[in-house]
There are 2 protein chains.
Amino acid sequence: MSENEKTHRVVIVGSGFGGLFAAKALKSADVDVTMISRTTHHLFQPLLYQVATGILSEGEIAPSTREVLKRQKNVRVTLGDVTGVDLEARTVTSQALGSSTVTPYDSLIVAAGAQTSYFGHEEWAPRAPGLKSIDDALEVRARIFGAFEMAEIETDPEIRSEWLTFVVVGAGPTGVEMAGQIAEAARNTLRDNFRSIDPAEARILLLDAADAVLGSFGDRLSAKATTVLRKLGVEVELGAKVTGVDLTGVDIVGADGESRRIGARTKIWAAGVRASRLGRHLSEQVGLEVDRAGRVPVQDDLTLPGHPEVFVVGDMATLKGYPGVSQFAMQGARYAAKTITTRLAGKPAPAAFSYWDKGSMATVSRFNAVASIGNRRFAGFIAWLLWLGVHLVYLIGFKNRITTLINWAVTFVGNDRSERVISHHQVVGRVVVSRQGMTPLGMPPTDPDE
Amino acid sequence: MSENEKTHRVVIVGSGFGGLFAAKALKSADVDVTMISRTTHHLFQPLLYQVATGILSEGEIAPSTREVLKRQKNVRVTLGDVTGVDLEARTVTSQALGSSTVTPYDSLIVAAGAQTSYFGHEEWAPRAPGLKSIDDALEVRARIFGAFEMAEIETDPEIRSEWLTFVVVGAGPTGVEMAGQIAEAARNTLRDNFRSIDPAEARILLLDAADAVLGSFGDRLSAKATTVLRKLGVEVELGAKVTGVDLTGVDIVGADGESRRIGARTKIWAAGVRASRLGRHLSEQVGLEVDRAGRVPVQDDLTLPGHPEVFVVGDMATLKGYPGVSQFAMQGARYAAKTITTRLAGKPAPAAFSYWDKGSMATVSRFNAVASIGNRRFAGFIAWLLWLGVHLVYLIGFKNRITTLINWAVTFVGNDRSERVISHHQVVGRVVVSRQGMTPLGMPPTDPDE
């Protein structure tokens, strides 16, 4: 390459599975990569529920992105919230602490992911946090362990029972894993921790509007998971539609069509996701309409129509009904990187993207998981061992694998959970909300009475 | 004991070294213990700087207090911020999320500790956080690693240099440890992490109004520590008085009497502590005056005059010039517990409390510490091994010792730091403050320009 020739500039938006694997796939390419992300870490989202339930520390599942990529000299990692993409000018605008940056690109890979969706009821968000970020996980952790603390000192039996009731909305993998882990924490970890309450009496409800737990895993695994959850004492309620979420409980319409109220101070929302608002922003510029979940209907090479230089991968994209899982993001990212390097080499473009389903798995309780791999279905201890192996392999960093394994031994064998810290941010800023109404974050309420 | 005879009620305020060791010392006593604490964890404060600099997770140094005490059936642990003690009625009033609890006692052990003191300049607190709680540590961690992130994207060389300048005020053990660790992080951990800046060029300043680093360790160790810090590239400035702290720097009057300004976006305050406000509250009721640091001048049996049933231990108490270290809190707590059980047994009271100085130590850099034990002084690698052993022994929990050892190996041998997560709470809620002025926690500033 002559010195005058400019190196091809690739901008990657996002540091999740899509963003990170796109950068890694460009390792040997003669390109300049700039990654722009709102967070400084790469989040291993499949284990987020373990941070939310006190098993793992945030560092174990969220290594610094720039540390992960430090040896890859053609990547520059930058902090920024992308506020706009100009498809004509080929620039990305991002903000960090009020300072604005414009980054030009020759190729763009957008992998900004998805966030929790409340289906038009965004006002439920502070009352029933989702589980998509480290902040969510720390918040949920503080609410769960904080609820038992409040129950211990509460003298009104009705309020105490509200503190000891946990509602998880959504019976996909995250909801199942959360319900299972709250139950394990209540029955095992917290045993002997309290003097006024018996944490094992906590009620854990898992609600879903659909008629099956883990519907995408098929009837047999769905039934197995339901049985294990019920054995753990989780009340599984299917065909139940949530119609209201407030400080002290949720309103539902049950499968029988009857309206009911469940008193519960702790609610966790695992019912839906919505693609990053960048999806709509990009779609509007090319005359596309996003789907109900805000995802971009990409071409079969994952690009925007008329913009072969712009790829949308992962949770932000929709194509042929492929599922919004990490494998879809990783494979899409590798495909985009491959397409860019193929073009630079002047070779014919690769065939259309196609998703290879490597299977899916979810833990239900310790030593018990379900896994669906090709035509094979596994349930119980064997599936749990598969789950353990796969997650250890995909975790980033040798040290994180070791300490995660130690933490798993501590929790699964010893029933302990060593990451139970409730920080003041969480206690004062948000748990207080569930008792006393909305107050600005971090500002204690002025009226101590409810 | 007849069934009519009431069990002696001991209330302990605080779950730090004083509170926890008081509870443990009452293990075999025929008493009912209630521990009231603002936090749900026991904080191992000597390693807080390692959470603040990305080495350890918060769970490793802050285990759940009720988990630590779960097998001790005569202790009930409760969450609450103590708002008042009625010495006549013998009751303690505490608040949690607005719910108020009144707890009666027969004996009271107050060990509510101390917080950061700004010597009358409390307005400096949001600009230069101290290091007394898990929240402080997470906040400082976000500011340190966030400063390098901002420097990487900043194009104005003056602002970039402010982001790359770190001022630590106070050259006691915490200040020395923080300055040393920021230097190690900049020179080693962050190497190869950035493309636009060289983190090794970061300036780290350690300021103190006194004329020595680690003054309490004596001249020889003080000189050794200063030499090691300077080798690490820490600019040690003694006899320097801080006269102002704002968003972009600090104003000082140097040893030469000249006023100067140091541009620095990241400031850490390790210059002073002030006893919990409960100290003044208790003192006023018995006609005592607290000292300049808000500490209660206790009797030589650690009680309040006229109230032999009320003990004040640890950082809240002052007696015969004993230092405010964890050993003073632990020994005071054991003494108070012993006095209570001796009295219950109807035996003569123990002799006046006297503090046994087991020595003190501080790490300066990896493999390098100073230790003062009896008449002996150690510096360098031997002192560092002593430090390592003592801290591992005092850490609570077998699992925490193992994972801490692994994290130390990763950091001290491999230069990595695996706990570098910056949560949104920190980024939006507070780092933003240092650039854009005070905004309510969690509320992004409305004006994106400075």
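Residues are numbered from 1 along each chain as its sequence is written, with chains lettered from A and ligands numbered from 1 in the order in which they are written. In this predicted model, local features need pLDDT of at least 70 and side-chain atom pairs count only at pLDDT 80 or more, while totals for chains, interfaces and linings use all residues.

Biologist: Is B:Leu20 buried or exposed?

Modeller: A residue is buried if 20 or more other C-beta atoms lie within 10 Å of its own, exposed if 12 or fewer, and partly exposed in between; C-beta atoms are placed from the backbone. B:Leu20 has 26 C-beta neighbours inside 10 Å, so B:Leu20 counts as buried.

Biologist: In which helix of chain B does B:Leu20 lie?

Modeller: Helices (H or I, at least four residues) and strands (E, at least two) are DSSP runs, numbered from the N terminus. For B:Leu20, the run covers residues 17-25 and is helix H1.

Biologist: Why does the end-to-end distance of helix H5 of chain A agree with what it should span?

Modeller: The expected span of a helix is 1.5 Å times one less than its number of residues. Helix H5 (residues 134-153) of chain A has 20 residues, so it should span 28 Å. Its end C-alpha atoms are apart by 29 Å, which agrees.

Biologist: How many residues of H5(A) are buried?

Modeller: H5(A) is largely enclosed by the rest of the structure. The count of its buried residues is 20 of the 20.

Biologist: What separates the centres of domain 1 and domain 2 of chain A?

Modeller: Domain bounds come from an automatic or database domain assignment. Domain 1 of chain A is 3-38 + 80-116 + 274-344, and domain 2 is 122-271 + 359-431. Taken over C-alpha atoms, their centres are separated by 33 Å.

Biologist: Which residue in E19(A) is the bridge partner of A:Thr303?

Modeller: Two strands pair if DSSP finds at least two bridges between them. Strand E18 (residues 303-304) of chain A is joined to E19(A) by 2 bridges, running antiparallel. The partner of A:Thr303 in E19(A) is A:Phe311.

Biologist: Which residue in the turn of the E18(A) and E19(A) hairpin has a positive phi?

Modeller: The hairpin has 2 residues between its strands. A phi of about 80° belongs to A:Gly306.
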